[in-house]
Amino acid sequence: MTDTTLRTPGNGGETHQTTDADHPVLTTNHGMPISDNQNQLKAGARGPVLLEDEVYREKINHFDHERIPERIVHARGSAAHGYFECTESLADITVADLFQKKGQRTEVFTRFSTVAGGAGSVDTPRDVRGFAVKFYTSDGNWDLVGNNIPVFFIQDAIKFPDLIHAAKMEADRGYPQAATAHDTFWDFISLMPESTHMIMWAMSDRTLPRTFANMEGFGVHTFRFINKEGKSTFVKFHWKPRAGLASTIWDETVKIAGADPDFQRRDLFERIERGDYPEWDLGVQLFDEEFANSLPYDVLDATKIIPEEVLPVKIVGKMVLDRYPDNFFAETEQAAFVPSHVVPGIGFSNDPLLQGRLFSYTDTQLSRLGSVNFHQLPINAAKGRAEAAGCPFMNQQRDGHMQMAVPKGRANYEPNSLAKAGEQAGAREDPDKGYKTFPSEEQGQKLRIRPESFADHYSQARLFFRSLDPAEQAHVASALVFELSKVSLPHIRVAVMANLRNVDEDLATRVADGLAMDLPEASPTAAPVLDMEPSPALRIVRGPREKHTLEGRTVGIFFADGTDREEYDSLIAAVKGAGGHPLTIAPKVGKVPLSDGSTVTADAQLFGQPSVTVDACAVILSAEACAKLVKEGAAVQWVMDAFGHLKAIGHNADSKPLLDKAGVEPDAGVTDLELFVDAAKQRYWDREPKVRTLA
Ligand code: HDE
């Protein structure tokens, strides 16, 4: 290695400037080599700075413009690359390239987000999560831009700006950030009874997902598949997490926000780093017009689901996220998801919420990314068939801000006959392979009305609440009490309660009791409220997708000076053996001496790694260390929170005084070390009534 140090006068002889064979030479954006990146150009050593300093001006000028507008919704997000693999061919139902052959892989880029908070807000507010997947198919990009909840607040896209204005921070005061617990949100909700079903989901544990890998995803709207014969089949899309559904407790989620605002982003990065790739099955609900007409609700109404028990979800593929982006801005921030970007074989239904979205997303990219050429950014550029031909897109659209392509020739119109003269003629339409819209019969008067079939706003809200496990029902009731307690205008609370009475009398009574208010009259309903058959698939707690496992989960191992070496080693091995990720936590992060005189380095320090950040907890202290730590608030809180958040706690005999101090009472989740690894695979819902009062 050659290291030639260049010293400039006035830098105190410091060795900032080096030319080193291992480093390329630093240049300006126009390619000029830079000799000094530490000092502005001045007239004299102490003298005024000179305007002619292009090296400085260019650098600051670029920096001043580094930010682009954040997304108006879903600003806070994290993403990863991966692939989709078709596990069952749908060739008879759709010509969509990615579903043709079992085993066929398609690259994807998937972004998860919260809705209400700004780009710098925390990962864990109570909020809906976006679940947006860009499939780079060989017939162009298909963006399936969904959420982790299968329904939405409103039925018509024209209400979206009102919904979002009401949900985000209040216009005059600029708060609250990333929270729905405030007047304007609940005011809007109280006046918009169609939101009641979504509100049930929003107040449930679904809006407190443990990690992205533990969430379901939904396309929400009814879409169409179109096959070779031009036949259309309605389809609803579902992502089912292979890691199982898992949520946090409200108190836990609030503490995570303080302990690690990037908790879910970090989890995504770390999972991928250690090879615990997040995976989902892709499922479809397929149906025809006749089936749709047989339902007591409208499949074009995005406030409705088709319960899985009524129409099973057929698994047709899996998605694996195995590569974290190289650069957050270039990829995650500049990714433009556009629901109108579909590929041959996929089409839209007349859902007025979906139809409204088809305009909004391209439009928003123009102010966010600033140019009609946003499709040329590497993360947005199509791949596949066209890429094989040397270019991700081929047409006669030209120019515009930041045009990166250099189209050759003069064929900037179509059709043209320039090929006859041996000139480049450009691309031509293809009636066979090109996208064909399903020719559905449409007619009617021009009207601004909502169909009668959209009138029932309560039956599915009731269905959702009654399908939940009692532990989750208590969370919904308590969340409503919490949120409505933050509402300062009493008439808004009354209006919400009037709507809730149409959902479930027990729920309404519990919430009213939690708010110490009288139950108002139920609000009028536009359609009879039905008692639908409960759907166990909607549960997380004790539901079919709550997985008891250590795979992909983190076990916090709390140890300190003098911890038994054998206990330490065997616990780590047992956690790893069960597919878990052991995270060792000690009062000091550096060298920790163990019982046999050896030392180990802790992964994290007690204050920086509260137990909310791990899925299960083990305490393996020596008697002396435990005697000291019972007087340490952070240690007591570590155990107390683990217990309060219904986590398994494994411990050795010497750690018992700390558990006693933290108020841990014996139950199935509090075990010795031998039983711990099995116990650590789940939460202990029966403990909850013992540790907190719920509505
Ligand atoms: Fe969005 N939504 N949305 N949305 N949405 C945006 O587009 C909009 C809706 C969803 O990771 C914006 O690029 C309207 C439903 C996700 O980049 C914007 C309506 C669902 C993301 C927009 C809806 C979603 C967005 C803002 C009412 C679930 C983030 C930035 C009809 C099916 C994608 C952007 C990403 C983002 C408009 C309702 C999901 C303004 C008008 C329903 C996951 O265009």
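**View 1. Lining of the second largest pocket in the predicted model, by residue class.** The lining of the second largest pocket is made up of 28 nonpolar, 14 polar and 7 charged residues, where Ala, Val, Leu, Ile, Met, Phe, Trp, Tyr, Cys and Pro count as nonpolar, Asp, Glu, Lys and Arg as charged, and the others, Gly among them, as polar. On a 1 Å grid over the protein atoms alone, a pocket is an open set of points with protein on both sides within 12 Å along at least five of seven lines, a cavity is a set where a 1.4 Å probe fits but cannot get out, and lining residues have an atom within 4 Å of a point. The volume of this pocket is about 1,000 Å³, taken as the space filled by probe spheres set on grid points that are joined across faces, edges and corners. Of its 49 lining residues, Val 73, His 74, Phe 160, Ile 164 and Tyr 361 are the closest to the centre. This is a predicted model, in which local features need pLDDT of at least 70 and side-chain atom pairs count only at pLDDT 80 or more, while totals for chains, interfaces and linings use all residues. Residues are numbered from 1 along each chain as its sequence is written, and side-chain values use heavy atoms, with hydrogens and water left out.

View 2. With 10 residues, α9 gives the most to the lining of the second largest pocket; helices (H or I, at least four residues) and strands (E, at least two) are DSSP runs numbered from the N terminus. Tyr 361 is placed in α9, and its OH, at 1.8 Å, is the only protein donor of the iron atom. Donors are N, O and S atoms within 2.8 Å of the metal (3.2 Å for Na, K and Ca), and sites may look incomplete because water is not among the atoms.

**View 3. Strand β14 and its parallel partners.** In strand β14 (residues 581–586), 5 of 6 residues are buried, that is, under 20% relative accessible area, with exposed over 50% and partly exposed in between (1.4 Å probe, protein chains only). Strand β13 (residues 554–558) runs parallel to β14 and is joined to it by 5 bridges, strands being paired if DSSP finds at least two bridges between them. Thr 554 has His 581 as its bridge partner in β14.

**View 4. The largest cavity.** The largest cavity holds about 260 Å³ of space, and Ala 246, Ser 247, Arg 553, Asp 615 and Arg 683 are the closest to its centre among 23 lining residues.
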